[in-house]
Amino acid sequence: MKKFIMLSLIFIITAAFIGCNPCNEKIDAKDKCRKNETVSSSEQPVVEEFKKEKPKFTATEIKQAIYIATVDFQKQEGCTLIRMVYNKDESDKLAKVYAKSENNYSNVNERNVIVLICDFEVDKACTRPEFNAGETYKNCTWTLIRESNNSPWVFECFEY
């Protein structure tokens, strides 16, 4: 028991001396931050990793949504898909609008709405009267929704 007490005292005293910082030593940036002192840019601690927000969708979720929209697009006779892309800023903005709109019949949360941007060409074989043969439509939107993070994407609407 005496050995245990002696070792504990030695450990505590050693820890106290290691933690001390004599006045003439340089204080690092973290200590200055704790004391609300100014830190020069060369001493700035790296905190950017903590500021990064978690992405709304994973790469797999985005690929799945693009796949669903592309498969649905292929049902459009006489239309040739040029591109189908996910633009985070545009998608987030349009998802907020959709989630608050009267068209949100499923009452889905904007977290479960993804909006994709596409360009496509129309030829003479197109059966949809709203499209003009020979025209290229750009920045059209495909809105897909899901019930939860674990649910599959479902085509909701298309706007051109």
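**Salt bridges and aromatic pairs in a predicted model**

Seven salt bridges turn up in a search of the whole structure. This is a predicted model: local features need pLDDT of at least 70, side-chain atom pairs count only at pLDDT 80 or more, and totals for chains, interfaces and linings use all residues. Residues are numbered from 1 along each chain as its sequence is written, and side-chain values use heavy atoms, with hydrogens and water left out.

Me: What makes aspartate 92 and lysine 88 a salt bridge?
Reply: The rule asks for a side-chain nitrogen of Lys or Arg within 4 Å of a carboxyl oxygen of Asp or Glu. Here the closest N and O atoms are 2.8 Å apart, so the pair qualifies. Lys56 joins Lys88 and Asp92 in a network of salt bridges.

Me: Why is aspartate 92 called buried?
Reply: Buried means under 20% relative accessible area, exposed over 50%, partly exposed in between (1.4 Å probe, protein chains only). Aspartate 92 has 16%, so it is buried. Lysine 88, at 36%, counts as partly exposed.

Me: Why is the pair of phenylalanine 120 and tyrosine 137 called stacked?
Reply: Rings of Phe, Tyr and Trp (its six-membered ring) pair if their centres lie within 6.5 Å; planes under 30 degrees apart count as stacked, over 60 as edge-to-face and the rest as tilted. These centres are 5.3 Å apart and the planes stand at 15°, so the pair is stacked. By this rule the count is 14 aromatic pairs.

Me: How do you know that phenylalanine 120 is buried?
Reply: Its relative accessibility is 0%, so phenylalanine 120 counts as buried. Tyrosine 137 is buried too, at 12%.
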